[in-house]
Amino acid sequence: MPELPEVETTRSGIESVAHKQRLSSMLIRQRQLRWPVPEELPDAVLGHQLISINRRGKYLLLEFDPGHLIVHLGMSGSIRAVEPDSLWRTHDHIQWLFDNQTCLRLHDPRRFGAVLWHPRESGPILEHPLLQKLGVEPLEDDFTPETLLSAFKRKKTNIKQALLEGKTVVGVGNIYASESLFLARINPELPACELTWQQAVRLHKAIRDTLQNALDSGGSTLRDYVNATGEPGAYFELHAAVYEKEGHPCRICGTAIRRIVQGARATYFCPKCQPLKRKRPSQG
DNA sequence: CTTTAACCCTGGAGGC
DNA sequence: TGCCTCCAGGGTTAAA
């Protein structure tokens, strides 16, 4: 499941093979994704140059002269560079072919992903309804411990779900939410509004370190990304300390990792390293 | 406004 | 061997 590091790796991979190339064909063999692929595609974008490729949260933004393609990989999506005439696999839904013979395929078994079209006359891309309410980018300078403190000041839900919402900071999906809280030694059931300054400092650093480490582990091109493991995403999960480690000994203290469910999502944590209440010296 | 639950979809796992 | 059921999960949307 692609999280921010995988999406960023995909972004830079596409950039490295298709930047400034003209789109010579776009084939759609499955329109039914998270939302139907708009009828105006591919005509609206065909024959135009790929001007830039950016990322906002887990959304990929492919800029062409007439507008932007918005691509989300959902749960199971990936974009790979393949040989132009290679066989289509099951769940290959869309192909983009550029003038330099770069051929990109969107593969998405569960079809939770999306490919949308935002014409330039509809306004700035970042004002698109899907993008305008997103929190700050975790790896940018405007993400600080204060970002967390001020946003969570009145949040009564637990810190894990508050992080996952993406209204405060984007890119922290289910895997990295558990991983970041473990690294910051914060119990996932802590009410978000009870986050202390020290905890916010640790959590801020933990989120950055977790995402940056995953990013550094990824390949630098789409081919590397795939060759490393065969399945996109799998490589990153190898480094998980708690995610899907229920019953395994904590790498810090050896205590069995626990699994709980929060908002119908699995959360993993070490009950000893991430206590809910801070230890107070006993009165004897 | 907040919080919860349903929904989209397929592959994989487990029961029989 | 196969069929049935259940579940995971991101993120939007409808309902409470």
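Trainee: Why are the side chains of glutamate 165 and lysine 155 said to meet in a salt bridge?

Mentor: Look at the distance from N to O. For glutamate 165 and lysine 155 it is 3.4 Å. The cut-off is 4 Å, between a side-chain nitrogen of Lys or Arg and a carboxyl oxygen of Asp or Glu. The value 3.4 Å is within 4 Å, so the pair is a salt bridge. The two partners sit in distant parts of the chain, 10 residues apart. Glutamate 165 is in the loop between helix H3 (159-164) and helix H4 (174-183). Lysine 155 is in the loop between helix H2 (145-152) and H3. Keep in mind that this is a predicted model.

Trainee: What makes glutamate 165 and lysine 155 partly exposed?

Mentor: Their relative accessibility. Glutamate 165 has 35%, and lysine 155 has 24%. Buried means under 20%, and exposed means over 50%. Both values fall in between, so both residues count as partly exposed.

Trainee: Why are arginine 105 and aspartate 92 called buried?

Mentor: Arginine 105 has a relative accessible area of 2%. For aspartate 92 the value is 3%. Both are under 20%, so both are buried.

Trainee: What makes lysine 205 and aspartate 209 a salt bridge?

Mentor: The N to O distance is 2.5 Å. That is within 4 Å, so it counts. Both residues lie in helix H5 (residues 197-217). They are four residues apart, about one turn of the helix.

Trainee: Why is lysine 205 called exposed, but aspartate 209 partly exposed?

Mentor: Lysine 205 has 51% relative accessibility. That is over 50%, so lysine 205 is exposed. Aspartate 209 has 27%. That lies between 20% and 50%, so aspartate 209 is partly exposed. There is also a network elsewhere: salt bridges that share partners join Glu8, Arg11, Glu15, Arg55, Arg56 and Glu137.

Trainee: How many salt bridges does a search of the whole structure find?

Mentor: It finds 11.

Trainee: What makes glutamine 101 and arginine 111 worth a look?

Mentor: Neither is a glycine, yet each has a positive phi. For glutamine 101 phi is about 75°. For arginine 111 it is about 55°. Glutamine 101 is placed in the loop between strand S6 (92-98) and strand S7 (103-107). Arginine 111 is in the loop between S7 and strand S8 (114-119).

Trainee: Why do glutamine 101 and arginine 111 count as partly exposed?

Mentor: Glutamine 101 has 47% relative accessibility, and arginine 111 has 33%.

Trainee: What kind of peptide bond runs from leucine 41 to proline 42?

Mentor: A cis bond, with omega near 5°. Proline 42 is in the loop between strand S1 (23-28) and strand S2 (52-56). Leucine 41 lies in the loop between S1 and S2 too.

Trainee: How do you know that leucine 41 is buried?

Mentor: Its relative accessible area is 1%. That is under 20%, so leucine 41 is buried. Leave aside its neighbours within four places in sequence, and leucine 41 is in contact with Met26, Ile28, Arg31, Leu69, Val115, Leu116 and Trp117.

Trainee: Which secondary structure elements does chain A have, and how many?

Mentor: Seven helices and 10 strands.

Trainee: Why is chain A called as compact as a globular protein of its length?

Mentor: Its radius of gyration is 21 Å. The globule rule gives 19 Å for 284 residues. The two values are close, so the chain is as compact as a globular protein of that length.

Trainee: What share of the residues in chain A is buried?

Mentor: Buried residues make up 49% of the 284. Chain A exposes about 14100 Å², and carbon and sulfur atoms supply 49% of that area.

Terms used. Residues are numbered from 1 along each chain as its sequence is written. Chains are lettered from A and ligands numbered from 1 in the order in which they are written. This is a predicted model: local features need pLDDT of at least 70, side-chain atom pairs count only at pLDDT 80 or more; totals for chains, interfaces and linings use all residues. Side-chain values use heavy atoms; hydrogens and water are left out. Helices (H or I, at least four residues) and strands (E, at least two) are DSSP runs, numbered from the N terminus. The radius of gyration is taken over C-alpha atoms; the globule rule is 2.2 Å times the number of residues to the power 0.38. Buried means under 20% relative accessible area, exposed over 50%, partly exposed in between (1.4 Å probe, protein chains only). Accessible areas come from the Shrake-Rupley method with a 1.4 Å probe; for residues, only the protein chains shown count as cover. Contact means heavy atoms within 4.5 Å.
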